[in-house]
Amino acid sequence: MQAAIWAVSYALYLPFTVTDVVYDHLPTVFPGLAGYRTELELALPVAICALVLLRVTVALALLLVSAVVQLGLLLALGVIELSNSAQPAHSLAPHVGAGTLFDGGLGLSLLFVCASLPLFFGGEVRGGTRTVRMAIVAAFCVVSAYLLVVAIPFAQMPVELRSAELPGMAIADAYSSHSLAVAIGLTTVISIVGLIVIEFLALGRLANFVLGVPIRVALAAIAVPFIAIDAISLINPEGIYEQLLRPSLIALFTAQAIVFLAYPLYRRAIDRRGWIAPSVVAGLAAALMIYGLYHAIVDPLAT
């Protein structure tokens, strides 16, 4: 049941994220592409499907290269912000009430649900569980450090830059060069597309594990509705995005809540003495997912 709900969430995520990239992000980076949105809406999902049907090592190698480039440009953006921020340390002081700060922290924490995606590849990684655990911890530490370099001075940037479609691109364009701004904007788009690729691959591995379907067959089967929904979305791109986003988020937080709520039962079965502490952590994680589920149901989609 959990796998089915999770699969629904990400099967919906794939097409509406392509629409988001094509209609909002790419034209921001390259305004000349605004007139080719229809062609891009059809071509991008086809290109993504072709990539995931290659050897997984090819897709992951490309993602690795893009991740290294993203980290380099993120560091450059942090330097630009620090150079043009009067009091970056002042950003650490709260500027809002406790309730708003608490909600903001919880909302940001929900983004880390994507950190579960590497676990779908644990069976194929050399070294298995040990390698995956070490890699996730190392990646979390590196990315967190980079993020702080950018996020702290980011709070001191002018509101019109922070609220831009692609804030990093807007900041680089205002304080550095247009070429760097375009590079940052493009890697932002590549980052989003990379997440689509990883989720696509994860869906294929889930189908292989749960249903016994060969991975390539599963990926090819997923490609059919993926491309079809993006083609249908051309009728009303904004409407399709809004119609798919809410059920996708509801399914995502529901699927994750099931995992965290069931974990104490699993842990108790394998460890009668040491199951309480990790169960408390799982309970906190379940509460966060329930918080996300509530807001996915009641909040305006823009938030």
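Helices (H or I, at least four residues) and strands (E, at least two) are DSSP runs, numbered from the N terminus. The model is predicted: local features need pLDDT of at least 70, side-chain atom pairs count only at pLDDT 80 or more, and totals for chains, interfaces and linings use all residues. Residues are numbered from 1 along each chain as its sequence is written, and side-chain values use heavy atoms, without hydrogens and water.

E165 is found in the loop between helix 6 (159–162) and helix 7 (167–175). Its relative accessible area of 43% makes E165 partly exposed, where buried means under 20%, exposed over 50% and partly exposed in between (1.4 Å probe, protein chains only). E165 also belongs to a surface patch of negative charge, together with D24, E238 and E242. Such a patch takes residues with over 30% relative accessible area and no salt bridge, like charges being joined within 9 Å.

Side chains of opposite charge can pair when their charged atoms come close. The structure holds two salt bridges, each defined as a side-chain nitrogen of Lys or Arg within 4 Å of a carboxyl oxygen of Asp or Glu. One of them joins E124 and R205, at 2.4 Å from N to O. E124 lies in the loop between helix 4 and helix 5 (128–154) and R205 in helix 8, so this pair ties together parts that are 81 residues apart in sequence. R205 is buried, at 9% relative accessible area, whereas E124 is partly exposed at 44%.

R267 and D271 form a salt bridge as well, with an N to O distance of 3.9 Å. R267 is partly exposed at 23% relative accessibility, and D271 is partly exposed at 24%.

Another loop residue is L92, placed between helix 3 and helix 4 (98–109). L92 counts as exposed, at 63% relative accessibility. The C-alpha atoms of L92 and I152 are separated by 6.8 Å, although the two residues are 60 residues apart along the chain.

Methods:
Patches are made of residues with over 30% relative accessible area and no salt bridge: like charges are joined within 9 Å, nonpolar side chains (Val, Leu, Ile, Met, Phe, Trp, Tyr) within 5 Å. Accessible areas come from the Shrake-Rupley method with a 1.4 Å probe; for residues, only the protein chains shown count as cover. Lys and Arg count as positive and Asp and Glu as negative; His and the chain ends are not counted. The place of a charge is taken as NZ of Lys, CZ of Arg, CG of Asp or CD of Glu.
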